[in-house]
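I opened the model to look up a few helices and residues. My notes follow.

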Amino acid sequence: MSEMLRAPAEVKYADELDYLESVDTGAKPYSWRLSPRMVRLFVLGSERADGLDREIPQKWFGDRSFVERSIVTLASDRGLLLIGDPGTGKSWLAELLSAAICRNSTLVVQGTAGTTEDHIKYSWNVSMVIAKGQSRESMIPSPIMTAMEQGVIGRFEELTRSTSDVQDALISILSEKYVSIPELNDDNIVFAKPGFSIIATANSRDRGVNDLSSALKRRFNFVRIPVVTNKRSEAEIVRFRTEELLRRHHVELEVPPTLLDILLQSFADLRAAATSATSDDEKLESALSTAEQIGVLEDAILHSQFFGDRTLRAGTLAGSLVGSLARRSPEDLAILNKYLHAVVEPRAKQDGGEWNDFLDGGRQTIAALS
């Protein structure tokens, strides 16, 4: 793990997965490494009632029913589509489920405007084709085809970003469970082994980019992941993910609870302002997601570590917030300046303390960027 910039979940949590597999007595669908109950426990964490002799920490924070419906879907022959706003943890949930079910979360296709049918089926090693002709040896299987051959989970990120041709090719894989290779005369069909399934993700904000056809929708079970609105749950997510990121940087720094509250309150205020805005010009371009909160906090901590006195301060946090969210100039800067003047300044006068430092830090950053 020390040689990986970011270890996949099955490597990061290998010890936990080994332990759960050793004590798992439940029935396992197909070639699953863990039973559905243990998959849920790995994702959501253990409780005393589970009767384990070690604690399994919670890794994804959200409604229990979303995880259970996802697991049930993957145990069937239907694909799973996780859909929601940016930063709601769709990709992280997909990675955790893949790691728990088959110990491989890396068979991933990233959907973009440039994704082609070859990316979900196969392509050819040109030099081998020239030397020996087309054969199974000269074929380069896609991550999805590899998942079919191994009977494991394949992942498709940002499905609605890919074109209709790519989506149509996915329909046959999900319905027929095989891929034909017309270039070959023999051994020209790859059949999916039991245990194969696809977890796809899609951003609800991408609606209208490349809408899914009715035929493709029928082959997926939809699980909609909502934006986290519970302050306590969001605090747990931010704390958990930030601690992981800081461990990667070998940074030991505690986030004061008061500053975490300021961060959460600031995002809540800005979301409320975006909801009441009457036009896009009055909204920040940022989605104001939980993932962006994590980025703001990580940025502030690293700035304090490298260029400060290794103490996280409200002014540094405000500077990170403004710098991260001000993507359009002057529109976003004007929105943030209005927020500081109309919301933060009265709060600083009333409550004082860290809010004064937060106000000053935000104003200084806006002045520097203007």
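Helix packing and buried positions

I began with the crossing of two helices: α10 passes α11 in a right-handed crossing. Right-handed here means that the near helix is turned clockwise from the far one by less than a right angle, left-handed that it is turned anticlockwise. Helices are DSSP runs of H or I with at least four residues, numbered from the N terminus.

I noted the limits of the source: this is a predicted model, local features need pLDDT of at least 70, side-chain atom pairs count only at pLDDT 80 or more, and totals for chains, interfaces and linings use all residues. Residues are numbered from 1 along each chain as its sequence is written, and side-chain values use heavy atoms, with hydrogens and water left out.

I then looked up the geometry of the pair. The axes of α10 and α11 come within 11 Å and cross at roughly 120°. The axes are lines fitted to C-alpha atoms, for helices over the stretch in contact, with angles from 0 to 180 degrees between N-to-C directions. That angle makes α10 oblique to α11 (under 35 degrees is roughly parallel, over 145 roughly antiparallel, 65 to 115 roughly perpendicular, the rest oblique).

I listed the contact (heavy atoms within 4.5 Å). From α10 I have K231, E234, A235, V238 and R239, and from α11 L260, D261, L263, L264, Q265 and R271.

Next I checked α11 by itself. Helix α11 covers residues 257-276, 20 residues in total, and reaches 29 Å from its first C-alpha to its last, close to the expected 28 Å (1.5 Å times one less than the number of residues). Its buried residues include L259, I262, F267, D269 and A274 (buried is under 20% relative accessible area, exposed over 50%, partly exposed in between, with a 1.4 Å probe and protein chains only). The buried residues of α11 pack against α10, α12 (290-307), α13 (314-325), α14 (331-351) and α15 (354-369).

I picked S266 in α11. S266 counts as buried because its relative accessibility is 0%. Not counting residues up to four places away in sequence, S266 touches L321, Y339, W355 and F358.

I looked at L93 in helix α5 (residues 90-102) as well. L93 is buried, with a relative accessible area of 0%. Leaving aside neighbours within four places in sequence, L93 is in contact with V43, W60, V67, S70, L82 and I225.

Just after α7, G151 takes a positive phi of about 70°.
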